[in-house]
There are 2 protein chains.
Amino acid sequence: MKRVRINTMEELSVAIGVSRPTLSRYFNDPKSVRPSTAEKIRLGLQQVDYIPNFFATRMNRESTGIVGVIIPYLHDLFFASLLEAIEKIGLQHDFTILTQSSHGDPRLEARAVERFISMNADAIVISPLGMDSDVAALELAASKLPVVFIDSNLPEHLPNVDFVGTDNRQSINIIVDYLCRTGTAPIFFSMPRLNSNSQEREAAYVERMQWHGLEPQVLIHEKLPERWSERWSFESYAYQLMDEYFSRGRYTQDTLLCVNDLLAIGVLRAATRHHLIIKPSAGAAGIRVAGHGGYPLSDYMTPSLTTVAQDVNALAGAAINMVIERVRGAGSSLPSRQLFEASLKIQESA
Amino acid sequence: MKRVRINTMEELSVAIGVSRPTLSRYFNDPKSVRPSTAEKIRLGLQQVDYIPNFFATRMNRESTGIVGVIIPYLHDLFFASLLEAIEKIGLQHDFTILTQSSHGDPRLEARAVERFISMNADAIVISPLGMDSDVAALELAASKLPVVFIDSNLPEHLPNVDFVGTDNRQSINIIVDYLCRTGTAPIFFSMPRLNSNSQEREAAYVERMQWHGLEPQVLIHEKLPERWSERWSFESYAYQLMDEYFSRGRYTQDTLLCVNDLLAIGVLRAATRHHLIIKPSAGAAGIRVAGHGGYPLSDYMTPSLTTVAQDVNALAGAAINMVIERVRGAGSSLPSRQLFEASLKIQESA
DNA sequence: TTGTATTTTTTACATGCGTAAATAAAGGAG
DNA sequence: CTCCTTTATTTACGCATGTAAAAAATACAA
């Protein structure tokens with residue numbers, strides 16, 4: 001900790017003996033002032049405690065360097081790892097990453113969007129809630145600054161919005177193919193009123209099953225919890241539902257392909273509680289469970305979860321690259337849509 | 001979405017027909033203008049798209065309403081749930097919660113602290129990295145605004161910093177007592193160079209074991225991963241270490257009390273991979289595993305994890321209350337230190 | 001040495017809004 | 001209807017910095 005407490009650049013300028021604008025230029029690019037001046041400032045800064053005001057530095061500036069990130073839910077490790085990847089890559093590009101969680105609530109999502117607009121953020125990277133998102137707020141945002149959807153999309157595709165996500169058709173195909181090849185045909189387990197991914201994956205599942213000449217079977221309950229937060233508690237939802245089914249002896253010898261890993265974790269837990277035989281050897285009867293997403297803790301489940309892993313780093317990198325392109329570029333290019341392949345992760349559960 | 005695009009309050013004032021300062025007062029408190037004027041403004045706002053500039057509104061204001069939250073690590077669900085609790089409670093008190101993750105890196109932590117100083121945040125709520133934290137940066141922060149440590153503390157207690165945490169002595173006592181009562185005495189499994197909690201818990205463990213007249217036994221490896229991010233990957237660290245031990249037949253019939261739940265999850269996974277008998281019935285030989293923290297997914301492990309659950313909501317609520325007190329109050333009161341009890345959560349693993 | 005071209009630095013204004021002080025309007029009593 | 005009190009609105013200034021334009025300093029050649 002240094003000695004003198006300096007609060008404004010004005011104070012600093014008299015303390016060091018250069019004009020305030022010169023300091024301003026130095027902070028934005030030390031090479032934009034004469035080397036002797038830069039050295040003088042550098043030495044002066046070592047004697048004092050000075051931190052430029054965040055708001056003032058961003059008030060009258062063409063680019064704030066802020067990238068706002070909005071995710072639906074913090075306690076889903078998929079989003080946590082996605083966010084970490086975005087933060088790390090964004091940091092490398094000298095962006096200031098600010099994050100808001102919508103807590104599964106569309107009103108909070110809309111508020112977060114407005115907050116980033118009000119900050120003149122360079123761009124917004126958002127994993128939208130989906131069905132329930134406030135489309136008007138997102139449209140307003142897209143009309144004012146670059147918006148990149150990541151991982152999930154809105155039902156009605158917005159113009160002027162870029163998209164980075166996983167190729168659900170590819171990912172579902174490889175997991176369906178694997179499951180069909182190694183045992184009974186999978187039943188697709190989903191949740192209603194989610195985002196674009198759940199719909200896309202279900203459609204891809206149905207299509208691929210028909211391609212195999214098999215009858216698609218979708219397990220989905222229309223009844224949803226009332227509260228937003230519970231609506232996104234996949235694992236507990238799946239556990240409760242399957243616990244009931246298993247008690248009645250249903251689905252105990254089937255292969256369940258879950259729309260995401262958290263659902264699969266809930267299913268797994270229900271299955272182990274009911275002492276069901278998981279991933280039976282050839283010929284024997286038992287249940288198999290597969291997920292989708294590549295949840296960070298899937299390796300630590302017992303049995304470890306067979307899934308298709310999304311490439312979080314690729315998604316994050318692509319999103320930041322799109323932001324850079326929009327910020328640098330003329331901004332008149334068409335909205336881009338970038339899909340990444342997922343990789344099959346065969347473990348113990350299927 | 002509305003019609004007219006309005007960018008500044010100035011534009012809005014001519015559009016509605018009241019002066020700009022009147023609008024400013026209306027936004028800060030609609031009741032501070034005449035009802036007829038308020039109604040006029042309200043109607044006018046429905047015709048336009050206007051979002052006040054975030055920076056400008058916080059520039060020349062006594063209180064910014066911003067509470068900065070800094071957590072070490074996003075992909076630890078304990079911190080994720082802590083953060084969610086803080087955000088929700090903070091929101092109820094009309095604070096603007098901004099979050100930064102230090103990604104386990106003390107330089108990023110220091111940068112986050114400086115960022116919130118530069119924003120004139122009303123307060124900082126931080127779960128410090130601990131040993132590796134930049135003390136100077138935190139001291140500087142504490143000299144400028146209220147700082148509340150949550151969950152973990154620094155080795156050297158800073159003056160002027162409030163603390164909200166779990167009563168480690170109480171939590172360790174109840175889990176040690178339970179384990180001693182129901183089977184072999186626990187071995188304490190920890191990681192070196194963590195935060196204050198690991199030291200406190202170890203000390204509490206040693207003390208309680210001696211109180212029971214038992215020999216304390218601590219399992220700890222001094223070798224740590226080089227990279228910050230890996231240093232905080234508890235589950236993989238624990239898995240690798242215990243996998244090796246189990247291969248050599250060590251600890252396969254002991255009771256392991258882990259300093260946190262993620263370590264326990266790693267241990268559990270190693271144990272199930274080695275087909276060890278977990279939580280043996282009375283008399284039989286086998287391993288028991290207990291954690292500490294109340295990790296959200298501990299119910300979904302197989303076997304489900306026996307642990308002591310920290311009260312995340314209580315911690316978050318107390319932290320926000322301290323912030324409110326510091327902001328409202330004269331601010332001259334002594335630093336407070338508030339500890340919460342944890343509750344024993346007996347499940348399948350011990 | 002002087003004049004010109006090329007940096008650097010400074011002066012002056014801008015950013016969008018909060019807020020104290022000054023002014024105007026409304027309300028009520030006589 | 002007039003005057004005074006109370007409340008509401010406006011004028012004027014401030015916040016901490018960025019940045020274009022003007023002024024000064026430097027560099028270099030003749």
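Predicted model: local features only at pLDDT ≥ 70, side-chain atom pairs only at ≥ 80, totals over all residues.
View 1. Residues are numbered from 1 along each chain as its sequence is written. Between them, chain A and chain B bury about 5300 Å², with 62% of it on carbon and sulfur atoms. Of the area that chain A buries against chain B, 15% is supplied by A:I51, A:F55 and A:Y300, more than by any other three residues. Contact, meaning heavy atoms within 4.5 Å, joins 60 residues of chain A with 60 residues of chain B.

**View 2. A salt bridge across the interface.** B:R273 and A:E348 meet through their side chains in a salt bridge (3.1 Å, N to O). A salt bridge is a side-chain nitrogen of Lys or Arg within 4 Å of a carboxyl oxygen of Asp or Glu. By this rule, four salt bridges are found across the interface of chain A and chain B.

**View 3. A:S198 in its helix.** A:S198 is found in helix α9 (residues 196-211) of chain A; helices are DSSP runs (H or I, at least four residues), numbered from the N terminus. This serine counts as buried because its relative accessibility is 6%, buried being under 20% relative accessible area (1.4 Å probe, protein chains only). Apart from neighbours within four places in sequence, A:S198 is in contact with A:F188, A:S190, A:M191 and A:V259.

Conventions:
Chains lettered and ligands numbered in written order. Heavy atoms only, no water. Buried area = accessible area lost by both parts, 1.4 Å probe. Helix = DSSP H or I, 4+ residues; strand = E, 2+ residues; numbered from the N terminus. Buried < 20%, exposed > 50% of the residue type's maximum accessible area, 1.4 Å probe, protein only.
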